[in-house]
Amino acid sequence: MPTSEARTISVEEARRIAVRAQLLDEPSTARDAGDLPEVVAQLTLLPLNPTDIVCPSAEQIAHSRIPGLAYDDVRRAAEVELSLVDHLGPHRHPMEAWAIALRATGDLPWLTAIGRAPDALHASSRRWLDANAGFRERVVQQLREDGPLPRAEIDDAADVPYVSSGWNTDRNVAMMLELLQIRGEVVVAERHGAARVWDLAERVLPPVEPLAVEQAERTWRRRWLRACGIARATHLGDEGEPVRIRGVSGTWRLDPGASAEGFAERVVLLSPLDRLIADRRRMAQLWGFEYALEQYTPAAKRRWGAFALPILDGDRLVGKVDAKADRDAGALLVHRIHWDDEPSARLRDAVHDEIARLAGFLRLRPSMP
């Protein structure tokens, strides 16, 4: 459809569609831990960043959608119930930082098809994998005989060492495991802290019949748009309906099932990796929100804190909570709340309630400044 025929929606409607697509409007009181796989399927993924400055990303993102979730429920779903799977997406994932994630196990037919497509890996990785056919077989055989195994216990018997312009040079076992993970041949069976324990996918997960690649690609685009609600067309092709957003340049793509009708507001503390704000360009265009993850910024140059949590109030982003989980002290330490505008008493109280709720989820007590 030509751009001139695209209908126009308000930026408020666009924001509400995006918030609702991410299940961040008023939550269902009936939603519980048993709904976690369906929630992850709607979000498409839970990014796996084990950083524990406040809370690991997967756990916080899940908890913000399922208020009654317990901290161990995410790990139980991935390691015991196997309703979620530790997944490494292909290199052409729309957001590379999200390539390492928990996915709904039910999504494996299309994820596996994409991971085995000829262009799922960089050309250099494909060449390295082909040159290490013997090494690949030895890794698989060791897992078959001795697995599950942490990477450190898998023999580095590469025929050709891995070479890159970054820090992956000579990380032969790690790269082999990750490339086979993309293809769905090996899987992370469990994690010990940040350390991954590997096994053969066929021994851990239910049998998977991959979709045809073309169908898998269409599914990916459709699911990506459904999870965003509204997004730029960069990775979407002609998926969804073309729309314009009043006051925002360019044409966007709208999920055909998305609507802002009946939107109900709530206050939520977001993870810095929450999908609602992970596309920083979209965040700036729809919300005009200034934010950056400052985990790797020198302390003296930080504006909001190492792992500040954005505050969502209905369809607006209104501030950041600078906090840190001090497990030795048994406290969630709130250093400061950075408000973008002077908050109402209602908003202050709601944010304090959310801080207390997050602390309870972490089994800590809240400590306010």
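**Notebook: salt bridges**

I started with Arg363 and found this residue exposed, at 58% relative accessibility (exposed means over 50% relative accessible area, buried under 20%, partly exposed in between, with a 1.4 Å probe and protein chains only). The model is predicted, so I kept in mind that local features need pLDDT of at least 70 and side-chain atom pairs pLDDT 80 or more, while totals for chains, interfaces and linings use all residues. Residues are numbered from 1 along each chain as its sequence is written, and side-chain values use heavy atoms, with hydrogens and water left out.

Next I looked up the partner of Arg363: its side chain meets that of Asp72 in a salt bridge, 3.2 Å from N to O (a side-chain nitrogen of Lys or Arg within 4 Å of a carboxyl oxygen of Asp or Glu). This pair links distant parts of the chain, 291 residues apart, with Arg363 in the loop between helix 13 (345-361) and strand 15 (365-367) and Asp72 in the loop between helix 3 (57-65) and helix 4 (73-79). Helices (H or I, at least four residues) and strands (E, at least two) are DSSP runs, numbered from the N terminus. I noted Asp72 as partly exposed, at 34%.

Then I turned to Arg15, which pairs with Asp315 at 3.8 Å between the closest N and O atoms. Arg15 sits in helix 1 (residues 11-21) and Asp315 in the loop between strand 12 (309-313) and strand 13 (316-326), so this bridge ties together parts 300 residues apart in sequence. I found Arg15 buried at 14%, and Asp315 buried at 3%.

My last entry is the total: the structure holds 25 salt bridges.
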